[in-house]
Amino acid sequence: MSLDIDFTAFCDAAPSPYLVLDKDLVIRYVNPACLQITGRTREELIGKYFFDALPGNPDAPEHGAEYLKASLLKVLDTGEPDTLTLQRYDIPAPDQPGKLEERWWSAVYTPIPGPDGSVKWIVQKADDVTPFVHSPKARQLTGHDEAIAAELYVKARELQRLNQELRQAHARERQVAVTLQEAMLDDPDLLRYGNIAVRYLPATRSLNVCGDWYDIVDLPPCLYSVAVGDVVGHGLHAAAVMGMLRSALSAAIRALPSPAQALEILGLYARSIQGATAATAVKVLIDPRSRLIIYSNAGHPPPVLLHRDGTCELLDQATDPPLGARPYHVPRPQASTTYTRGDTLVLYTDGLIERRDEDIYTGLAHLTNALAQDTTLAPDQMADTLLARLGVANGSSDDIALVVIRL
């Protein structure tokens, strides 16, 4: 028997405070109990980044925002619930603008996965335990009752300390993964090309480290190739898979200077690596003598060729499914286009253009509009300006790899 339950009505009627965040830590729902206990309105909370709407008190002896954010990032990273057993987190005092009121909370953060298995929502249940902490009765406890209360408090603080150590361990793991990824993205051939700028930005509001990558290969006497790719998944495993695919494609293009054939070999190799299937990549070969770009695409967002007059051309005529998507081998398509000296070629991963509640065509339109605003910037300036215009200069919820080439 199925139950027809209106969960919004259920949460609205719940006496406990509930709040729902998306994976960018933006508040999407609060129930009446949460509004009452925080003294805020829906307009002050809904659609706001949590730590902008409820910033906490940086002058408190124990700055709760740091612990709370670490707890939320841990939930995003592990997909497991996390608990703040006893945590101070001050909120604005009612009817006293600019003043904060001391509050103590016991909070549980529960993840809700999306269709792909990653965390899509986080449900916060936060109980205000300030009355217990400041209870006159608690201060008047004697004998056995006082001992029990003291023991419970000590155990709660010890659990809080252990949780914080776990969060710090996850933060260290993220740093190890980012360092590993940066080391693998080190590209000696890039030093030969002053006309190429690269950027890699790890995800900011998550402990996740993704599998985005770029690669530049010098092909004497006069050719060079550029690739970007994206491995499905997060963490150290995704970074390791990224390194293997990047190295394999780099070797393939040196042996067979054909983007389509190089991606065919990479697709066959991807089938032998756990976690490599469904990865995407695009490979371009540039011939400065004939001013020709040859390219092939395995399920990746299309590169953009920015002409000097400000028009943009999407390199989308040789698009095929992601690596390992087919159960049998099929030759991959390849296309070519010419360019004029001074044009700019831009390759990127989906973190640059994908936004919540926007389709990919809207994201591509934002990208081409941002590029068309100034065609004369040097590659390094254009890379930084592009990230700023798209609102991701400080990173986004997904990794970003970006390559800008002045042809």
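**Figure 1. Surroundings of E264 in the predicted model.** E264 touches H329, P331 and R332, leaving aside residues up to four places away in sequence; contact means heavy atoms within 4.5 Å. This is a predicted model in which local features need pLDDT of at least 70 and side-chain atom pairs count only at pLDDT 80 or more, while totals for chains, interfaces and linings use all residues. Residues are numbered from 1 along each chain as its sequence is written, and side-chain values use heavy atoms, with hydrogens and water left out. E264 lies in helix α10, residues 259–270. Helices (H or I, at least four residues) and strands (E, at least two) are DSSP runs, numbered from the N terminus. E264 is buried yet has no salt bridge, and the nearest side chain of opposite charge, R332, is 6.8 Å away. Buried means under 20% relative accessible area, exposed over 50%, and partly exposed in between, with a 1.4 Å probe and protein chains only. A salt bridge is a side-chain nitrogen of Lys or Arg within 4 Å of a carboxyl oxygen of Asp or Glu. For charge, Lys and Arg count as positive and Asp and Glu as negative, whereas His and the chain ends are not counted.

**Figure 2. The largest cavity and its lining.** The structure holds three cavities of 30 Å³ or more, and about 180 Å³ of space lies in the largest cavity. This cavity is lined by 17 residues, of which L68, Y89, W105, Q124 and A126 are the closest to its centre. A cavity is a set of points, on a 1 Å grid over the protein atoms alone, where a 1.4 Å probe fits but cannot get out; lining residues have an atom within 4 Å of a point. Grid points are joined across faces, edges and corners, and a volume is the space filled by probe spheres set on the points. At least two lining residues of the largest cavity come from each of α2 (32–38), β3 (82–88), β6 (104–113) and β7 (119–128). By class, its lining has 14 nonpolar, three polar and no charged residues. Ala, Val, Leu, Ile, Met, Phe, Trp, Tyr, Cys and Pro count as nonpolar, Asp, Glu, Lys and Arg as charged, and the others, Gly among them, as polar.

**Figure 3. The second largest cavity.** The second largest cavity has a volume of about 120 Å³. Of its 14 lining residues, R271, G324, Y328, V330 and R332 lie nearest its centre. The lining of this cavity divides into seven nonpolar, three polar and four charged residues.

**Figure 4. Salt bridges.** A search of the whole structure finds 13 salt bridges. D215 pairs with R246, with 3.5 Å between the closest N and O atoms. D215 lies in strand β9 (residues 211–219) and R246 in helix α9 (residues 235–255), so the pair ties together parts that are 31 residues apart in sequence. Both D215 and R246 are buried. D127 forms a salt bridge with K125, the closest N and O atoms lying 2.7 Å apart. D127 counts as partly exposed at 27% relative accessibility, and K125 counts as partly exposed at 26%. In the salt bridge of R289 with D287, the closest N and O atoms are 3.5 Å apart. R289 is exposed, with a relative accessible area of 63%, whereas D287 counts as buried at 14% relative accessibility. Salt bridges that share partners also join E101, R103 and D128 into one network.

**Figure 5. V231 and its contacts.** V231 belongs to strand β10, residues 223–231, and counts as buried at 3% relative accessibility. Not counting residues up to four places away in sequence, V231 touches G211, W213, A238, V241, M242, L245, G275 and A279. V231 and D212 are 19 residues apart in sequence, and their C-alpha atoms are 6.3 Å apart in space.

**Figure 6. Backbone features in loops.** The peptide bond from P220 to P221 is cis, with omega near 10°; P221 lies in the loop between β9 and β10. L25 has a positive phi of about 65° although it is not a glycine. This residue, L25, is in the loop between β1 (18–22) and β2 (27–30) and counts as buried at 0% relative accessibility. R291, which is not a glycine, has a positive phi of about 50°. R291 is found in the loop between β11 (280–287) and β12 (292–298) and is partly exposed, with a relative accessible area of 32%.

Technical notes: 1 Å grid on protein atoms, 1.4 Å probe; cavity = no way out; pocket = protein on both sides within 12 Å on 5 of 7 lines; lining within 4 Å.
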